[in-house]
Amino acid sequence: MEQIQIPTGDVLFSERLSNGLMVFVLPKPGFLKKYAVISTNYGSLDSKFRVPGEDVIEVPAGIAHFLEHKLFDEEDGNAFDRFAQFGASANAFTSYTQTSYLFSTVQNWQEALAHLITFVNNPYLTEENVEKEKGIIEQEIRMYQDHPDRKLHSNLLTNLYHNNPLRIDIGGTIESVNEITVDLLWKCYHTFYQPWNMALFVVGDVDVDETLRIVRDNYDDRDTAHESVIERFYPSEPETVVNSWVEDHTNISRPRYLLGFKNKPQWEGLDLLKQQITMGIVWRLIVGRSSHIYEELYSKNLVNDSFGASFNSSSQYAFSAIGSETDHPEKLHEELSRIITELKNQPISEMDVDRLKRQIYGGHLASFDSLEYAANRYISHYFAETPFHKFLPTLQSITAEDVSQVLNESLDFEYSTVSILRPVKENNG
């Protein structure tokens, strides 16, 4: 068993079981709530793959999300009801790169943990319940199509990317969902829901040995200890963007603006971790509430409290996005273009970088008080093979010169797209 002391002074325990499952346990003495999440290294991008000895298979978009929904079904009920009996609250989510199942509770955590493992490892899939689910997911897709932030972000991605499946909604399309079959669901499940392709994180006032015993007792002894190789195939993606400007309309009261920058997914491991942290500093220079840039844009009534930015990356994609609700999207774009260009052409203040590093340092320590955030983030870094335990040393190593270099390399307007969402009334008048 490996032990890692995290910055808060707590000790994170990790062990790879004989079946290949990686288990993390973070005891937090005195915390009432317990939280557990089990994740598979499988998300919406993984629609074309091959396992040794078999042909390449391509499955419909949205199947990872569909499978997430179906795993809660049981022959005599559903997993949500069982969690409720233990006093636990359960949920799940699918991202571009992983699928996760989770619960939180203040009581009966042992029973809830056993059930979490059991239902994820025992799918109940029938022709009838799969067909019924298609109607449910179709409604969900239509609902998301009308969600302003989702629509704004979706339009951005479909205009940043030509071929990358990132441009397709995680839930898929109505057409792709209707192509999903029981056989395809089983194929995806048996390929990706193997212990060696999964990780479990338990955090709260729990005993490490008891936690590991529960996990071992409730995992079967299938012969999966030796990691297989899943070949994942992704379409080639040009460096260019599809369109540099896209506008749409929906039922909102105020326009929304989003600027995206497309990057090459060229970082991995420690380099990717450093890139993520450095981009965090870059964006804080602009959107941070203590930034003079934010104050300037706010005083001009170009942004409000929704103003924010992010950097997203994996082995298959990397992009940044910055935006806000605004009555003047063209003017905001003009100002942001000027601000980013000026930042590129002037030295970055070491004092500003040090100040922002201190903010990130404090935020990193505070994040461990959120059991959900700590667990989910650690598993994401584990799958991405970014050494999360080196976050603070990496942060401390970043210089103003590093920030300037990343700013110039990653925010290139030649590879950018603007997505604007306007109120419907503007379209009619």
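I looked up strand S1 (residues 2-5) and strand S2 (residues 11-16) and found them paired in the antiparallel sense over 4 bridges. Two strands count as paired if DSSP finds at least two bridges between them. Strands (E, at least two residues) and helices (H or I, at least four) are DSSP runs numbered from the N terminus. The model is predicted, so I note that local features need pLDDT of at least 70 and side-chain atom pairs pLDDT 80 or more, while totals for chains, interfaces and linings use all residues. Residues are numbered from 1 along each chain as its sequence is written, and side-chain values use heavy atoms, without hydrogens and water.

I checked the partner of Glu2 and found Ser14 in S2. The hairpin of S1 and S2 has 5 residues between the strands, and Gly9 there takes a positive phi near 100°.

I moved on to S2 and strand S3 (residues 22-27), which run antiparallel and are joined by 4 bridges. Glu15 has Val23 in S3 as its bridge partner. In the hairpin of S2 and S3, with 5 residues between the strands, I noted a positive phi near 100° at Gly20.

I then turned to the second largest pocket, with about 380 Å³ of space. A pocket is an open set of points on a 1 Å grid over the protein atoms alone, where a 1.4 Å probe fits, with protein on both sides within 12 Å along at least five of seven lines; lining residues have an atom within 4 Å of a point. The volume is the space filled by probe spheres set on the points. I found 21 lining residues, with Glu239, Lys262, Asn263, Lys264 and Pro265 nearest the centre. Strand S14 (256-263) and helix H15 (400-410) each supply at least two residues of this lining.
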